[in-house]
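Could you walk me through this model in my viewer, one selection at a time? I would like to know what to pick next and what is found there.

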Amino acid sequence: MPAQCAWCGAAQIDGMDCQTLHEYLTGYDFTPANAVPHAIHFLQVTCFMVQHERYSDEALVWAQTMLRMRLETGMSARDLRRFMTSRAQGSDSSTRTWRFNRAPDAQPLPKIAWEITIADVAQRMGREVSYAELVTRWAHATLRQMSALLV
Ligand SMILES: [Zn+2]
């Protein structure tokens, strides 16, 4: 039995845990030859953070809003970027009063049986569907299931 991730429940792939996969995908996102749009990188990071309890309660609300804007309203990557860092959204680092990172002593979040994990994306990329399509499906599933984290 392969080791399971304590956060998202994914099985390790060839001894690689989710953090290692996340670093691998981030490297992939930033390799110019792969031409990964910024919006896809954003989804990759956000899904990973949500599924691994890295976000504070405030950041979870922010992440849900961002995922909705991108996936449901079809906001362009450029507008999303502008919106993400806007003062109105409260995420401008110079005026933000809350922290993105979940404090070690924060309330534990309910466990969710995620339909799609980073391991699924890593395992299937380069096969039947494009990486961007896999990440987008992952984001849709994460958005659908993450409301259980916001109580
Ligand atoms: Zn995991």
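Begin by selecting H6, whose buried residues pack against H2, H3 and H5. Helices here are DSSP runs of H or I with at least four residues, strands are runs of E with at least two, and both are numbered from the N terminus. Two residues are in contact if their C-beta atoms, placed from the backbone, lie within 7 Å. This is a predicted model, in which local features need pLDDT of at least 70 and side-chain atom pairs count only at pLDDT 80 or more, while totals for chains, interfaces and linings use all residues. Residues are numbered from 1 along each chain as its sequence is written.

Stay on H6 and show Tyr131, Leu134, Val135, Trp138, Ala139, Thr142 and Leu143, the buried residues of this helix. They line one face of H6, because down the helix axis they fall within an arc of 165°; the arc is that of the directions from the helix axis to the C-beta atoms. Buried means that 20 or more other C-beta atoms lie within 10 Å of the residue's own, exposed means 12 or fewer, and partly exposed is in between, with C-beta atoms placed from the backbone.

Next, colour the core. The largest nonpolar core has 31 residues, and those with the most contacts inside it are Ala63, Ile118, Val135, Trp138 and Ala139. Such a core is a set of buried Ala, Val, Leu, Ile, Met, Phe, Trp, Tyr and Cys residues joined through C-beta atoms within 7 Å. H1, H2, H3 (57-72), H5 and H6 (131-145) each give two or more residues to this core. In soluble globular proteins, nonpolar side chains tend to be buried together.

Which residues touch alanine 63, leaving aside its neighbours within four places in sequence? Select Thr46, Met49, Val50 and Tyr55 to see them.

Now move to H1 (residues 18-29), where Cys18, Leu21, His22 and Leu25 are buried. Look down the axis of H1: these buried residues fall within an arc of 100°, so they line one face of the helix. They pack against H2 (38-51) and H5 (118-124). Turn to the face away from the buried side and you will find the exposed residues Glu23 and Gly27.

With 17 other C-beta atoms within 10 Å, aspartate 17 is partly exposed. Beyond its neighbours within four places in sequence, aspartate 17 is in contact with Cys5 and Gln12.

Two stops are for backbone geometry. Aspartate 14, in the segment before H1, has a positive phi of about 50° although it is not a glycine. Alanine 35, in the loop between H1 and H2, also has a positive phi, near 50°. Aspartate 14 counts as exposed, with 8 C-beta neighbours inside 10 Å, and alanine 35 is exposed with 8 other C-beta atoms within 10 Å.

Finally, zoom out to the whole chain. There are six helices and zero strands. Of the 151 residues, 26% count as buried. The C-alpha atoms fill a box of roughly 45 × 40 × 25 Å along the principal axes.
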